[in-house]
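Please look over the model below alongside these notes. They are set out as numbered points.

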Amino acid sequence: MDSRTDDDRFDTRLFEAGRNRLASLAYRLLGSAADAEDAVQDAFLHWQSADRRLIRAPEAWLTKVVTNLCLDRLRSAQVRRERAVGAWLPEPLLDGDPMLGPAGTFEQRESVSLAVLTLMERLSPVERAVYVLREAFSYSHAEIAEILDVSESASQQHLHRARRHVTTERRRGGGELDPAAARGIVEEFLAAASSGRTERLVALLTDDVTAISDGAGLAEKLLRFDTPQRVASIARAGFKSTPAKRRLAGGALAVHYQLVNDAPALLFVLGDQVVGCVTFDIVDGRIATVRGIAAPARLVRLAEAWRRHEPETPLVAEW
């Protein structure tokens, strides 16, 4: 057998062994699972065409390639236009998806939350890369400088600015959520919204609550609502089951509780197909942000993971 073929097979296995880590890096940088998969596949093509005998540290080399492929995409005029018009939300991922790793610390899990992924849109591409490499992957500033072709002092400055933006903008007081308490709050929200109990809904919301919806992909811009009364009104209208909604969905839906990007969520499921996802940010025992995601393109990977998932009994069997 040709020795070069043996080398190629070994190098392919080497790449595949690190694929999940590269995909989780790309997802944090891009906020899109589909774009992350494309970036990793492009990195594989670079890997195949490179003279791998000259690559002394494959993991570092591949990290640099994936990071810079992602930066190229973030800097592209098309992507800037798409995200500037306010029609962008991060792509949600089901709990356990390898793209969410590493998740050993609270900081690593927080870096992949929909809240932080959204906040990182306000950073420059380089600030975003430094923040992800340092906070989620624990790279040193010397290593980051090598990956991004900047000085160590520049890396430190970028991290300082990124941390300031993220920590200033995001809601404080959260920390680690108690799983049982979070689930209880979401279940109470569902019950109050479904039954139209406005006063109870308002009591579950923070004073500066925000609700965001992608309008099932039909709206040009994201739909945004604020004030507890307005969000409660939208929740009552959105969560009330009607024959017209069931006809539009193609049948009665099941409503499941699930973790999505390490946050509590409700999934609306028809058969084995996820047709809607509502996520919740909870701060000090109340709901601070509600995100409704129903655009099919944003639910592809989550829906695929759900079909391989063994769900618990739904909160609502026929919505």
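1. Helix 3 (residues 33-49) has 17 residues, which at 1.5 Å a residue should span 24 Å; the expected span is 1.5 Å times one less than the number of residues. Its end C-alpha atoms are 25 Å apart, which agrees. Helices (H or I, at least four residues) and strands (E, at least two) are DSSP runs, numbered from the N terminus.

2. This is a predicted model, in which local features need pLDDT of at least 70, side-chain atom pairs count only at pLDDT 80 or more, and totals for chains, interfaces and linings use all residues. Residues are numbered from 1 along each chain as its sequence is written, and side-chain values use heavy atoms, with hydrogens and water left out.

3. The buried residues of helix 3 include A36, A39, V40, A43, F44 and W47. Buried means under 20% relative accessible area, exposed over 50%, and partly exposed in between (1.4 Å probe, protein chains only). At the start of helix 3, a side-chain oxygen of S32 comes within 3.5 Å of the backbone nitrogen of A34.

4. R28, in helix 2 (residues 19-30), is buried without a salt bridge (a side-chain nitrogen of Lys or Arg within 4 Å of a carboxyl oxygen of Asp or Glu). D262, the nearest side chain of opposite charge, is 9.2 Å away. A polar atom of the R28 side chain lies 2.7 Å from the backbone oxygen of G101.

5. G101 is joined to P102 by a cis peptide bond, with omega about -5°. P102 belongs to the loop between helix 5 (77-84) and helix 6 (106-110).

6. N261 has a positive phi, near 50°, and counts as buried because its relative accessibility is 1%.

Methods. Lys, Arg positive; Asp, Glu negative; His and termini not counted. Polar contact = N/O pair within 3.5 Å; in protein donor to acceptor, adjacent residues only side chain to side chain.
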